Amino acid sequence: TMSKGGVYVSTCTFESWGITALEALSCGLPLILVTDVSGKHSSMSIPASSNHYKNIPKTIESKELKYIITEMNEISLTDRQNIAKMTQEKHSLSKFKDTMNKVFKDAL
């Protein structure tokens, strides 16, 4: 169902890590991340590329938001497939295992 969408908007400005953002990217949806005054969002670390998301302030004008959503909806099928592939590679089980092994090795 999610892959039928055009763009995913994460409206929560204070979440610790966005599992729904990961799910959206894994389906090829680019992200719009609504930020607080800091201009940052916890889900910024999830995409495999900075081209896969756009930060917007929660005070954005509706006209500007509509323009951004329309623009991001025009991403090609090939680009959406690349978003999905790159996200799945970045967050693969083997990458997770490598990270955990490094953490444990560094701790010892």
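A residue is called buried when its relative accessible area is under 20%, exposed when over 50%, and partly exposed in between, with a 1.4 Å probe and protein chains only. T87 is buried, at a relative accessible area of 0%.

The model is predicted: local features need pLDDT of at least 70, side-chain atom pairs count only at pLDDT 80 or more, and totals for chains, interfaces and linings use all residues. Residues are numbered from 1 along each chain as its sequence is written, and side-chain values use heavy atoms, leaving out hydrogens and water.

Helices (H or I, at least four residues) and strands (E, at least two) are DSSP runs, numbered from the N terminus. T87 lies in helix α3, residues 77–90. Neighbours within four places in sequence aside, T87 is in contact (heavy atoms within 4.5 Å) with L22, L25, S26 and A48.

Strand β2 (residues 31–35) is largely enclosed by the rest of the structure, because five of its five residues are buried. L31, L33 and T35 point one way from β2, while I32 and V34 point the other way. In a regular strand the side chains alternate between the two faces of the sheet.

Two strands pair if DSSP finds at least two bridges between them.

| Partner of β2 | Sense | Bridges |
|---|---|---|
| β1 (residues 8–10) | parallel | three bridges |
| β3 (residues 53–57) | parallel | five bridges |

V9 has I32 as its bridge partner in β2, and L31 stands opposite Y53 in β3. β1, helix α1 (residues 19–26) and β2 form a right-handed β-α-β unit; right-handed means that, with the strands pointing away from the viewer, the path from the first strand over the helix to the second runs clockwise.
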